[in-house]
Every structure is written in C-alpha cells, then in structure tokens.
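Me: I am new to this structure. Can you take me through the labels and what backs them?

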Amino acid sequence: MLYHINNQQTTVMLNFDPSSVPHRDLHQILLSGVAPRPIAFVTSKDRNGNINLAPFSFFNAYASKPPVVAIGPAISAATGTTKDTYLNIMETQECTISAVTYPMVQRMNIASAVYPHGTDEYDKAGFTKAPAMMVGVPYVSESPFVLECRLIRNIELFREDGGNGNIMLLRVLNIMVNENAMTEDKIDPRKLDLVARLGYKWYSHINADSLFELGQPRGICAGFDALPESIKRSTILSANDIHILAATETLPQPLSDEEAQLLFAALNIDFTNTGSVHTVLHTLLAGNRTDEAWHIIRAVNA
Ligand SMILES: Cc1cc2nc3c(=O)[nH]c(=O)nc-3n(C[C@H](O)[C@H](O)[C@H](O)COP(=O)(O)O)c2cc1C
C-alpha cells in the first residue's frame, strides 16, 4: 500500500455494532456503504398464474460459468409479511430479472408499493410484458437487459436469531440484451442508462458523465518499485495519480537523449522547480499520457 503525505490527517471512525444498533438504522447504515447496488426488477408468478413485479437491490452476480445470481427478498421488518416475489419463486421456481434504466425509475418505484397478493404491478406501474424464451414468466419489455432464471435453492438467514433475510440463488438460463445497447460487439454502459440503489433514498444514474474505464492489472505492477520517494510524497499529485504510475505493468523504453530533449521542450518543463514538474505530471496522467510521465520521472531521478 502506498501512502500520500496529504492524507496524514486524524480520521475518526464511528463504530456500529450490529447487535446493538436498531434494525431500522442498521439497514440504512449497511446499505449506504454497500453501494451502489444494481436493481433486479423481478417478474414472478404464483401457481395460479398471477404475475408479480417488484424491485430488489439485494442483488448481484456470483458466478459466470454457469451464470448464477442471487436476490434477497426479506421478510418485511415493518409488517412481518413475506414478499410475494419470494412466495412465487418458491412455488413456481422461475423468474425473470429486468435491469432498471433511468427512464423506468419512477415506475419501478410505484411497483415497489405493497400491493395485495395477486396484484399485477405491470398494470399499476405501466410496464409492458414481453414473453421470455426459457421460463414461463414475462419480462419488462422497457428494459434493455434481461435474465431468465430458475431457482437453485433458497437460504434462510438466521431465523433462529430473529433474522429476516433470504438469499435466493438463481441459475441464469438465458440473457437478452437490446441491440440498441451495443457498440459494435460489446454492451455499452453509456447506452444501457442503468440506475443503482444506495442508502436511504439515494439512487445513482450511470451515464457517460459518471463512467470511466480502468483495466485490471494482468501482471506485476512494475511501476510500484520504480517510483521515487519524491513522487510518493508529492503534495501536488493525487493518490490516484501516484497509483496510476504504480500500476504501470511495463515501463516504457528509455528515450534517446535527443528524443528526451524534444519531449521536455514540447512540455515546457522547468526541472529546477519540483512543483511545476509535478503539475505537468498531473496533467499528463489526467490525459492518459503515462509513458510521457515516466520519461519525466526518469529524467528527474537521473
Ligand atoms: C429500489 C428498491 C430496491 C429494493 N430492494 C429490496 C430488497 O433487496 N429486498 C427486499 O426485501 N425488498 C426490497 N425492496 C422493497 C420491495 O420492492 C417491496 O417490499 C415490494 O413491495 C415487494 O413486492 P412483492 O411483495 O410483490 O414481492 C426494494 C424496493 C426498492 C424501491
């Protein structure tokens, strides 16, 4: 772990012991930090064929071969009642999960209201059913990303201690994606326009302004060992700047003297002023010009 000299501040960590914090508060505290969470808009049906639609943000993917996701319909802390979604999936073993987009979010919220068992929230919230391919429940046609799922099993969580949680493990039988959400052969998050749930009443809108790309290191991060102390302790470079350098897997080949002089002249670097060198490095790193940043660091360190 690298450190940043600017971070040497006193940090006060508040402590919340799950065994003593009231459940209502604990729920929001937990969900504020376990965030943002994707929202599964779950369509299920009971044994009489009544369709149900409800959102669940206790939701994620846990395996891709075969694909397995899970949702967590709790026994309601407010009313003690069991969610229709849970009852239906236990009865008929199937569901579809439709991703929730920004244009769907207000209607999704309506579908989360506690309607009597047997109510079709598609009608209440104004969504359109589309037939799934592998399961006998429809999906939300307004959604660009859909999973067709079969129940593997449900895990009841700590009922003996008054626990109200469930983990419904679901095997994904089929995935459908709206072709308009693609750029060439890849799903494009800028086109999916998803929303995510955080704590309290907060949501997040995932769009071009909130997205960035970051490739996971495939090998050893060679930059880490090559970083001089003056960079690690910079008061101008941010922690992210420093760790972009640290994460460099292959350092660029050194430039010839002539190439280096040309680069430094083009960047107008004043090597006698550490602050201005670090400012140039910050600008280069913000512009994804990591190789040029390394050439400068080498020159400073030479
Ligand atoms: C965005 C959002 C996420 C939700 N996530 C969950 C969840 O993960 N687990 C849960 O039990 N209830 C969750 N709820 C509440 C349920 O959607 C709500 O209780 C709903 O009435 C359940 O419907 P059902 O009884 O038809 O299954 C969430 C509500 C919203 C608006």
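**Around the ligand**

Reply: Start with the ligand. It has 17 residues around it, and Ala54, Phe58, Asp84, Thr85 and Ser112 come nearest. Keep in mind that the model is predicted.

Me: Which element supplies the largest share of the shell around the ligand?

Reply: β3 does, with four residues. Both β3 (51-56) and α2 (84-92) supply at least two residues each.

Me: How do the shell residues divide into nonpolar, polar and charged?

Reply: Eight are nonpolar, six are polar and three are charged.

Me: Why are β1 and β14 called edge strands?

Reply: The sheet is open, with three strands in the order β1-β13-β14 and antiparallel pairing. β1 (37-38) and β14 (203-205) each pair on one side only, and that makes them the edge strands.

Me: How do you know that β13 and β14 pair?

Reply: Two strands pair if there are at least two bridges between them. Strand β13 (residues 195-197) and β14 have three bridges, in the antiparallel sense, so they count as a pair.

Me: What joins β9 to β10?

Reply: Twelve bridges join strand β9 (residues 145-157) to β10, and the two run antiparallel. Cys149 has Val172 in β10 as its bridge partner.

Me: Which strand does β5 pair with over four bridges?

Reply: Strand β5 (residues 67-71) pairs with strand β10 (residues 165-177), in the antiparallel sense. Here Ala70 has Leu169 in β10 as its bridge partner.

Me: Why are α10 and α11 called roughly antiparallel?

Reply: Helix α10 (residues 274-286) and helix α11 (residues 290-301) pack at an angle of about 160°. Angles over 145 degrees count as roughly antiparallel. The two helices are therefore roughly antiparallel to each other. Their axes are 8 Å apart.

Me: Is the crossing of α10 and α11 left-handed or right-handed?

Reply: The crossing is left-handed.

Methods. Residues are numbered from 1 along each chain as its sequence is written. This is a predicted model: local features need pLDDT of at least 70, side-chain atom pairs count only at pLDDT 80 or more; totals for chains, interfaces and linings use all residues. A residue is near a molecule or strand if its C-beta atom, placed from the backbone, lies within 6 Å of it. Ala, Val, Leu, Ile, Met, Phe, Trp, Tyr, Cys and Pro count as nonpolar, Asp, Glu, Lys and Arg as charged, and the others, Gly among them, as polar. Axes are lines fitted to C-alpha atoms, for helices over the stretch in contact, and angles run from 0 to 180 degrees between N-to-C directions. Angles under 35 degrees count as roughly parallel, over 145 as roughly antiparallel, 65 to 115 as roughly perpendicular and the rest as oblique. A crossing is left-handed if the near helix is turned anticlockwise from the far one by less than a right angle, and right-handed if clockwise.
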